[in-house]
Amino acid sequence: MNIRSRSDKAFDTVNYAVITLFALLCLFPFVYVAAYSVTPYTDYLAHPLRMIPTHVEFGAYRQIFKMSVLWTGYRNTIVITVAGVALNIFLLLITAYPLSKPDLKGRNVILLLITFTMFFNGGLIPNFYLIRSLDMYNTLWSLILPGALGAYNLILMKSFIGSIPPSLEESASLDGANELTILARIIVPLSKPAIATFVIFHAVTQWNTFFNAIIYTSKRDLWPLMLIVRDLVVDSGGVARDVLDAGNSGVTEFTIKMAIIIFSTLPIILIFPFMQKYFLKGMLIGSIKG
Amino acid sequence: MRNNSVNRASLLVSVLLMSSALAACASGNNNDAGGSSDAAPSGSTASASSPSSTSADQKDPVTIKMFNRVNADVVIDKNPVVEEAGKLANVKLEIEAPPINNYVDKLQVVMASGDLPDLIYNWGTAGNGADANMEKWAQNGLLEPLDDKIANYPNLMKNITPEMWDAVKSVNDGKTYIIPRTNVVNHWGYMINQQWLDKLGLKAPTNLEEFTNVARAFAKNDPDGNGKADTYGLSLSGPDLGRNTIWNATNFLTAAFDLPVVDGVKDTDGQYKIREKMSGYIPYLTYLKQLNDEKLIDPEFLINKIYVDTEKLNQYKVGIVYGHQYAVLGNISKLPDSEKIFSYHGVLKDEKGVASDWVTPAMWGGWMIPKGSKKVDDVLKFLDWGNTAEANTLFQLGVKGLTYDSYDPATKAVVRTADQTAKLSTLTSPYMTPANAINGDGASIANADTPERLAIYKKQLDEALAQMTAVNVPAVRSPKILNLNGTIPDLVKKKDDKEIAYITGSIDEQQFKDFLEKEWYPATADAEKEYVDFMNSLGK
């Protein structure tokens, strides 16, 4: 027997329509940029919103593949993303696990100190001094270490681990497992959704890093991808134009900018679907009070 | 059992404390709140690696640490152009070049850190580098005053005009803290769709009447031949939404009303005034209203962001936009074969037949030297060389054999292979130049890479210059008039809105004049007096 009323169905229909519209709105910029990265500029001028290329042209990609600065940026970004995420997850686990123990001595003081950093910090110039004095200026470490452990994520992780039943740890202890074994064999496997979430969070943050690189590096071969992309794409004097002039390729500045955006965001877009199921679970971290 | 577990867990606390320190760093890593610093000038730290010298003619090259704004594609390390410059100027250049879009952010951090390079480029907000930042750094004792030294450098004195030196003097103490980076002189006019003109049997307009006729023909006579009334005569654009587009490089139109878009020019009665009191102000706005009423101007002309007007030109939606002598060839980057579609022309003539080409001191920021630097003379000597044709040619064209085969300075014709062209953009750019122009001219012209393009450029420029009367406009160093946006922002916004309201017909002329009389003139009287006094003090 169908117990759904007509109003329920109408509500669902409206719901789906709104959500679909919203999804399309989110998708629109990506489709727009992707389409015009392979569309001749003259076609774009004639039909600025058609978005379905009448004929596809990859000249812009051929041009940007010649840009050594983009490949250097890719290398740097991959290094700071992989190393940054690995360090971040390691530090999150070894910090959050002991802090999840309610009767850890000094726990509240440590939590207070950590929470304090969420609201107060030294500021730009002191951080600049700090990086210099630690000899991290002009190294990729300056783009990895300062963001290696965020207080907010740490508190979320602590809450997640705290929600794991203590009886699991106790039974492992009875079997002779020490704390590190418990962490590795019990806590980490049970924390996969949370870890996956923080991997995505931190990977995206690291992938998009640019401001720290401006302040903490002065060598161009240390610039991450997004810093280069920003300089190329934002109207500023036109590196894209230089590339165009250099190639004398007939590809325009606009098309090259579109191609650069796709080139730089593609990896993170491709990875996201594989992490999505963990991401959705992890989004609920800290949302239920134990 | 539980206590035992807790005890073991506490072993991890030491690692945790280390992690806390990292967390402290992390929380603030994206915060760009600036902090202050005592920023005591430390002089040049680069001097440790090389002897300081005041006459380095035959000595070992002096190391100069240069902080410059250079586009991202230029490779700085082991750059043959930089190495060649080092040989010619007998220096070892160490260039630090942050991203151009965040150059000011990084510069402020460096200046606050107190660990200053030997030579610092300041972009500035007025084009001349003598901006509020420079004034602040000079007041804080971070910059070396250069007045008693610059006269010893003949190329600096020759290439940098007295107007430029005046333009960069500190408004606080009248001293010179910046060596201007000279730029090419732009002769603003307009860029027009020549194909439309030819099709309609028209000529490029030289006065307001002709201009109106052309705009009307472009809007009404289907110049693109698609059978639709979907074109407009002209469009405008502005760098931001906070400033009316009608004042952004609209010299080509305002010249017809003797209304300069820059401060520093007398009105038709020979008196200095604020723009809103000038004789051409209301007539210019009224003319825009007429264009708008007749639908001869792009209906979005008041809200177009910068370059949107050019995009509409390239889309064959509008026929005229503002532009200078390099605009047509420059547009090749956006639309191939632009030189076959568009043409450049000078400003319109006024009622007396005079087309005023208001030329401001052509600068592109300037160079600062830290206070107490031991390399002041070495740096000035380098900049002196930088203001020669040799340096300008090197930084604009690159190294012969590597980025070009031959170059004729007289015609500016460059011969280079495709491979050399490809190398050029990774080795140098105008951003690299110590001076981007010698006597107002650059060594090369962007995209003039064929004799045909070069000929088109020269023909159009010569015709425009022959039509126009050059008016040299001094730099206005009158803080109050330059800073109205900061002192009376709401009223400036209101005035801008009133201008738009008048042009679009929301208020009539009398209502607009009432606003000016009752609110704008009283609020700006003090600034106007300072401005007029300053201009009169120049005796020009």
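Is Asp135(A) buried or exposed in this structure? With 10 C-beta neighbours inside 10 Å, Asp135(A) counts as exposed; a residue is called buried if 20 or more other C-beta atoms lie within 10 Å of its own, exposed if 12 or fewer, and partly exposed in between, with C-beta atoms placed from the backbone. The model is predicted, and local features need pLDDT of at least 70, side-chain atom pairs count only at pLDDT 80 or more, and totals for chains, interfaces and linings use all residues. Residues are numbered from 1 along each chain as its sequence is written, while chains are lettered from A and ligands numbered from 1 in the order in which they are written.

**Nonpolar cores**

- The largest nonpolar core has 132 residues, of which Met157(A) and Ile228(A) touch the most other members; such a core is a set of buried Ala, Val, Leu, Ile, Met, Phe, Trp, Tyr and Cys residues joined through C-beta atoms within 7 Å.
- Helix H4 (residues 68-99) of chain A gives the most to this core, contributing ten residues; helices (H or I, at least four residues) and strands (E, at least two) are DSSP runs, numbered from the N terminus.
- Domain 1 (46-183 + 363-444) and domain 2 (189-360 + 456-538) of chain B both give residues to this core, so it lies between them.
- A second, separate core of 58 residues includes Ala204(B), Leu296(B), Ala464(B) and Tyr502(B).
- Leaving aside neighbours within four places in sequence, Ile228(A) is in contact with Val69(A), Leu70(A), Gly73(A), Trp223(A) and Ala72(B); contact requires C-beta atoms, placed from the backbone, within 7 Å.
- In soluble globular proteins, nonpolar side chains tend to be buried together.

**Helix pair H4(A) and H10(A)**

- The axes of H4(A) and helix H10 (residues 192-207) of chain A come within 9 Å and cross at roughly 145 degrees; axes are lines fitted to C-alpha atoms, for helices over the stretch in contact, and angles run from 0 to 180 degrees between N-to-C directions.
- The crossing of H4(A) and H10(A) is right-handed; the term left-handed applies if the near helix is turned anticlockwise from the far one by less than a right angle, and right-handed if clockwise.
- On the H4(A) side, the residues in contact are Thr77(A), Ile80(A), Thr81(A), Gly84(A), Val85(A), Asn88(A), Ile89(A) and Leu92(A).
- Their counterparts in H10(A) are Ile195(A), Phe198(A), Val199(A), His202(A), Ala203(A), Gln206(A) and Trp207(A).
- By class, the contact of H4(A) with H10(A) has nine nonpolar, six polar and no charged residues; Ala, Val, Leu, Ile, Met, Phe, Trp, Tyr, Cys and Pro count as nonpolar, Asp, Glu, Lys and Arg as charged, and the others, Gly among them, as polar.

**Chain B: composition and domains**

- Chain B comprises 22 helices and 13 strands, and buried residues make up 48% of its 540 residues.
- Among contacts in chain B with a separation of 6 or more, 76% involve residues 24 or more positions apart.
- Chain B is assigned domain 1 (46-183 + 363-444) and domain 2 (189-360 + 456-538); the bounds come from an automatic or database domain assignment.
- The C-alpha centres of domain 1 and domain 2 of chain B lie 33 Å apart.
- Six residues of domain 1 of chain B are in contact with five residues of domain 2 of chain B.
- On the side of domain 1 of chain B that touches domain 2 of chain B, two residues are nonpolar, one is polar and three are charged.

**Individual residues**

- Asp135(A) is found in the loop between helix H6 (124-133) and helix H7 (151-162) of chain A, and its phi, near 60 degrees, is a positive value in a residue other than glycine.
- Tyr307(B), in the loop between H11 and helix H12 (308-314) of chain B, has a positive phi of about 80 degrees although it is not a glycine.
- Most residues other than glycine have a negative phi.
- Asp496(B) is in helix H21 (residues 489-504) of chain B and is partly exposed, with 17 other C-beta atoms within 10 Å.
- The C-alpha atoms of Asp496(B) and Asn244(B), 252 residues apart along the chain, are separated by 6.4 Å.
- Val399(B) is in the loop between helix H16 (389-397) and strand S11 (406-408) of chain B; leaving aside neighbours within four places in sequence, Val399(B) is in contact with Pro80(B), Val81(B) and Glu84(B).

Terms used:
Two residues are in contact if their C-beta atoms, placed from the backbone, lie within 7 Å.
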